[in-house]
Amino acid sequence: MFIREITIRKFRHLENVHLGPFEQPTNDSDSICLAGPNGGGKSSILELIGFALSNSYSLTWGLNRSLPESSFEVAIGVTPEEILLAKNIAKSSNWPNMDVAIAQLEATGYYWRGFNFPDGEYAKNQNPQNLIHQFVT
């Protein structure tokens, strides 16, 4: 998994920020550096990514960090190897509706996580996005 894209309408002091799209990392351990002055939003972006990667197991984490005024969306990329692994596991398990989720991953290579972002990609079709996230994590 990798972060493909981040769109922030409002998160703490960050407003109307778009990062990416980032390419799939190579096997050479590519990295992206967040650099900037103190108070520039580096830690806020990392917390936002952490929130996007959280799942139903992290309910306490999410409740302790309620974000009622925040609005953001994160695209999470999945490598071809991870898609193949997910496809093989889905075939041997009883996950419902995985065919739709796997088809989306094969077509795009990523899925969305949105928070108070009603006009984003996540809001257009939440069920497959949530299913993919539960399965991938």
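**Terms and values**

Reply: Start with threonine 7. Leaving aside neighbours within four places in sequence, threonine 7 is in contact with Val17, His18, Phe72, Glu73 and Phe117. Contact means heavy atoms within 4.5 Å.

Reply: Some ground rules. This is a predicted model: local features need pLDDT of at least 70, side-chain atom pairs count only at pLDDT 80 or more, and totals for chains, interfaces and linings use all residues. Residues are numbered from 1 along each chain as its sequence is written, and side-chain values use heavy atoms, with hydrogens and water left out.

Me: What makes the link between the side chains of threonine 7 and histidine 18 a polar contact?

Reply: The distance is 2.9 Å. A polar contact is a pair of N or O atoms within 3.5 Å; within protein, one must be able to donate a hydrogen and the other to accept it, and residues adjacent in sequence count only if both atoms are side-chain atoms. Threonine 7 itself lies in strand S1.

Me: Why is the pair of phenylalanine 11 and phenylalanine 72 called edge-to-face?

Reply: The structure holds five aromatic pairs. In this one the ring centres are 5.4 Å apart and the planes stand at 80 degrees, so the pair is edge-to-face. The rule: rings of Phe, Tyr and Trp (its six-membered ring) pair if their centres lie within 6.5 Å; planes under 30 degrees apart count as stacked, over 60 as edge-to-face and the rest as tilted.

Me: Which parts of the chain does the pair link?

Reply: Distant ones. Phenylalanine 11 is in strand S1 (residues 2-11) and phenylalanine 72 in strand S3 (residues 71-77), 61 residues apart. Strands (E, at least two residues) and helices (H or I, at least four) are DSSP runs, numbered from the N terminus.

Me: Are phenylalanine 11 and phenylalanine 72 buried or exposed?

Reply: Both are buried. Buried means under 20% relative accessible area, exposed over 50%, partly exposed in between (1.4 Å probe, protein chains only).

Me: How do you know that arginine 9 lies over the face of phenylalanine 117?

Reply: Arginine 9 is at 4.3 Å from the ring centre. The rule asks for NZ of Lys or CZ of Arg within 6 Å of the ring centre and within 35 degrees of the ring normal.

Me: How many helices and strands are there in the protein chain?

Reply: Six helices and four strands. Along the sequence the pattern is β-β-α-α-β-α-α-β-α-α.
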